[in-house]
Amino acid sequence: MSHLTALRHARHARKAAAAMIITVAALGLTACQDTETDSSSSPSTSASASAPQSPASTAKTTQDQAQDSAKGTPSGTPKKSGMSCTNQINYAGDSRSNAEINSIGEKTGYCPEPEKGGTPSGTPKKPGMSCTNQINYAGDSRSNAEINTIGKETGYCPEPEKGGTPSGTPKKPGMSCTNQINYAGDSRSNAEINTIGEKTGYCPPVQK
């Protein structure tokens, strides 16, 4: 091989080596740039995730929790154990049936507010006197116990379901109704008739 040919091979080898060094350097620079990009974006993401909530956001969260809590709390009066809502509260004038009102109380544990605002209706109960002794409930479908319980719980004797107009004859003091009026042919016993008179102050009309 001539001296000139050897020089040419040496030049080609140097050029190839230089080209390889440039390529490796370029690849290394690209890798460093990618690493820097990842590093710069990572703290931003982390800072965003760990940044504290603003006061407005915290207040909104608290308000939402309060609203959710309020939604789950039944409204009305806590139901007393063993007593129906219609015996506990006077629902006179409420468009709902007793069964519907009492069902709400059983399911929720709270007696719903009367639909007319909860203002007791009826006659103020006299101290020490039961409603059935104060008002004539003859013909009322409710039991004396139910009527008197309403009066005791609300302080008002409910209006009789048939209008509350006393029927019969005013009872004379110290005289039983069966001695005051002739109840011959009446299907009720003397005891029942006289009890009505004692409780209401009126001797009931004769039933024939």
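In the predicted model, helix α4, which spans residues 98-108, has I101, N102 and G105 as its buried residues. These residues cover an arc of only 90 degrees around the axis, which puts them on the same side of α4. An α-helix has 3.6 residues a turn, so residues three or four places apart point the same way. The face of α4 turned away from this buried side carries A99, E106 and K107, which are exposed, while the cover over the buried residues includes α3 (85-88) and β2 (110-111). Helix α4 is followed by G109, whose phi is positive, near 80 degrees.

G109 is also among the residues touched by T77, together with Q88, I89, Y110, C111 and E113, when residues up to four places away in sequence are not counted. T77 itself lies in strand β1, formed by residues 77-78, and counts as partly exposed because its relative accessibility is 30%.

In helix α8, comprising residues 190-200, the residues I193, N194, G197 and T200 are buried. Seen down the axis of α8, these buried residues fall within an arc of 145 degrees, so they line one face of the helix. On the other side of α8, A191 and E198 are exposed, whereas the elements covering the buried residues include α5 (131-134), α7 (177-180) and β6 (202-203). Just after α8, G201 takes a positive phi of about 85 degrees.

Methods
Residues numbered from 1 in each chain as written. Predicted model: local features only at pLDDT ≥ 70, side-chain atom pairs only at ≥ 80, totals over all residues. Heavy atoms only, no water. Helix = DSSP H or I, 4+ residues; strand = E, 2+ residues; numbered from the N terminus. Buried < 20%, exposed > 50% of the residue type's maximum accessible area, 1.4 Å probe, protein only. Contact = heavy atoms within 4.5 Å. Arc of directions from axis to C-beta.
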